[in-house]
Amino acid sequence: MMNLHIICVGKLKETFYTQAAAEYQKRLSPFCKLQLIELPEEKLPQDPSQAQIDAALKKEAAVIRSKLPPNAAVVALCIEGKLHSSEALAGLLRTWENNPTKHLVFLIGSSYGLDQSLKVEAWVRLSMSPMTFPHHLARVMLLEQVYRAFQINNGSRYHK
């Protein structure tokens, strides 16, 4: 069974996000061992400078790295990542299942994203959309798309 990790910067606050995330976590349980890790967002002033944002992202990156399992294949969710269809994401999961690494890790950064170093080191950089969404919604969207990918790979009618 696949070891899947989702490391998120920021805690879900809205009940509707937590309920949706919990539902997809439950649905994923037959397909993978899912570990979801929430990390605190660095505190920034109301109108931070780019230098303050960069410093916060570097601190967040250090904490993220401390949570990465050894030999993990990392997928960084970022705006400059590649857009994939649901079928392509399913193919990516199939490809990874044959990889000798033991853990697949998806990274979701804070509202300011991820530090550039994490993006460069990632096995794959993935963009959910060129549109802007609340970063908390990205977690629910990712969980649903991973669930959909497993359904596609199993020939289910979930993905019509």
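Arginine 139 is found in helix H5. Helices here are DSSP runs of H or I with at least four residues, strands are runs of E with at least two, and both are numbered from the N terminus. This is a predicted model, in which local features need pLDDT of at least 70, side-chain atom pairs count only at pLDDT 80 or more, and totals for chains, interfaces and linings use all residues. Residues are numbered from 1 along each chain as its sequence is written, and side-chain values use heavy atoms, with hydrogens and water left out.

Arginine 139 is buried, with a relative accessible area of 4%. Buried means under 20% relative accessible area, exposed means over 50%, and partly exposed lies in between, using a 1.4 Å probe and protein chains only. Leaving aside residues up to four places away in sequence, arginine 139 touches Cys8, Gly10, Lys11, Leu12, Leu36, Glu38 and Ile108. Contact means heavy atoms within 4.5 Å.

Because 6 of the 6 residues of S4 are buried, the strand is largely enclosed by the rest of the structure.

S4 also has strand partners. Two strands pair if DSSP finds at least two bridges between them. Strand S1 (residues 2–9) runs parallel to S4, joined by 6 bridges. Leucine 4 has leucine 104 as its bridge partner in S4. Strand S3 (residues 72–83) is also parallel to S4, with 5 bridges. Here valine 74 has valine 105 as its partner.

Now take histidine 103, in strand S4 (residues 103–108). Histidine 103 counts as buried because its relative accessibility is 19%. Its side chain makes a polar contact of 2.7 Å with the side chain of histidine 5. A polar contact is a pair of N or O atoms within 3.5 Å; within protein, one must be able to donate a hydrogen and the other to accept it, and residues adjacent in sequence count only if both atoms are side-chain atoms. Histidine 103 also touches Asn71, among others.

Asparagine 71 sits in the loop between helix H2 (50–67) and S3. It is not a glycine, yet it has a positive phi of about 55°. Is asparagine 71 buried or exposed? It counts as exposed, at 62% relative accessibility.

Next come the pockets. On a 1 Å grid over the protein atoms alone, a pocket is an open set of points with protein on both sides within 12 Å along at least five of seven lines, and lining residues have an atom within 4 Å of a point. Grid points are joined across faces, edges and corners, and a volume is the space filled by probe spheres set on the points. The largest pocket has a volume of about 510 Å³. Its lining has 24 residues, and Leu77, Cys78, Ile79, Gly113 and Phe133 lie nearest its centre. S3 gives the most to this lining, with 4 residues.

The second largest pocket has a volume of about 210 Å³. Its lining includes Gly10, Lys11 and Glu38. Those three residues are also among the contacts of arginine 139.

Key:
1 Å grid on protein atoms, 1.4 Å probe; cavity = no way out; pocket = protein on both sides within 12 Å on 5 of 7 lines; lining within 4 Å.
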